[in-house]
Amino acid sequence: MTRTAVLNLLAGIVIGIALGLLYSWQVDPVKYTDTSPDSLHADHKTDYVVMIAQAYVADGNLELARTRLATLNLSNPGQYVADLTTFEIQRGAPLDDLRALSALAAALGAAPPPLP
């Protein structure tokens with residue numbers, strides 16, 4: 001291959017990547033609709049469970065909390081919430097969040113860890 005052919009090949013690759021990124025980011029980006037909460041990233045799933053716990057503390061509706069947790073497809077929601085409480089204690093989460101998680105875990109029949 002001559003030097004000109006290599007430069008043309010590299011220029012074509014760079015232009016192709018640039019046009020592909022422009023199209024996928026600006027012209028026709030991916031739009032997520034009707035996705036399930038179980039597809040959330042772990043950090044967002046944690047936030048979702050904390051919000052469920054906060055809602056449970058506010059309204060006392062355990063069945064609604066169970067329904068919301070069911071969207072995460074957890075094998076043992078109560079234990080998951082108790083384990084999440086332990087993780088959030090270690091992370092230094094706000095006491096309101098810890099109390100809500102602990103209350104939800106207890107309502108679901110799991111043994112929450114002692115709060116600091």
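Biologist: What share of the 116 residues counts as buried here?
Modeller: In this predicted model, 23% of the 116 residues count as buried.

Biologist: And how much accessible surface does the protein have?
Modeller: About 7,900 Å², and carbon and sulfur atoms own 60% of that.

Biologist: OK, what about the overall dimensions along the principal axes?
Modeller: The C-alpha trace spans about 70 × 30 × 25 Å. The radius of gyration is 23 Å, whereas a compact globule of 116 residues would sit near 13 Å.

Biologist: Which elements is the protein built from?
Modeller: Helices: there are five of them, and zero strands. Reading from the N terminus, you get α-α-α-α-α.

Biologist: What part of the contacts with a separation of 6 or more comes from residues 24 or more positions apart?
Modeller: Those pairs make up 59% of the contacts in that set.

Biologist: Switching to charges. How many positive and negative ones are there?
Modeller: There are 7 positive and 11 negative charges, and their mean positions lie 7 Å apart.

Biologist: How many salt bridges turn up in the whole structure?
Modeller: Two, from a search of everything. In one, the side chains of R66 and E63 meet with an N to O distance of 3.5 Å. The other pairs E88 with R91, where the closest N and O atoms are 2.7 Å apart.

Biologist: Where do R66 and E63 sit relative to each other?
Modeller: Both are in helix α3, which covers residues 62-70. They are three residues apart, so about one helical turn separates them.

Biologist: Is E63 buried or exposed?
Modeller: E63 is exposed, with a relative accessible area of 53%.

Biologist: Is E88 buried or exposed?
Modeller: E88 counts as buried, since its relative accessibility is 2%. R91, on the other hand, counts as exposed at 53%.

Biologist: Which helix is K45 in?
Modeller: K45 is found in helix α2, residues 42-59.

Biologist: What does K45 touch?
Modeller: Leaving out residues up to four places away in sequence, K45 touches P37, D38, L40, L72 and Y80. So D38 does touch K45, but there is no salt bridge for K45.

Biologist: One more residue: where is L84?
Modeller: L84 is in helix α4. It is buried, with a relative accessible area of 6%.

Biologist: Which residues is L84 in contact with, neighbours within four places aside?
Modeller: T46, V49 and L101.

Biologist: How far is L84 from S102?
Modeller: In sequence, L84 and S102 are 18 residues apart. In space, the C-alpha to C-alpha distance between L84 and S102 is 9.3 Å.

Note on methods
Residues numbered from 1 in each chain as written. Predicted model: local features only at pLDDT ≥ 70, side-chain atom pairs only at ≥ 80, totals over all residues. Heavy atoms only, no water. Helix = DSSP H or I, 4+ residues; strand = E, 2+ residues; numbered from the N terminus. Rg over C-alpha atoms; globule rule 2.2 N^0.38 Å. Buried < 20%, exposed > 50% of the residue type's maximum accessible area, 1.4 Å probe, protein only. Contact = heavy atoms within 4.5 Å. Areas by Shrake-Rupley, 256 points an atom, 1.4 Å probe, with all protein chains shown as cover. Lys, Arg positive; Asp, Glu negative; His and termini not counted. Charge placed at Lys NZ, Arg CZ, Asp CG, Glu CD. Salt bridge = Lys/Arg side-chain N within 4 Å of Asp/Glu carboxyl O.
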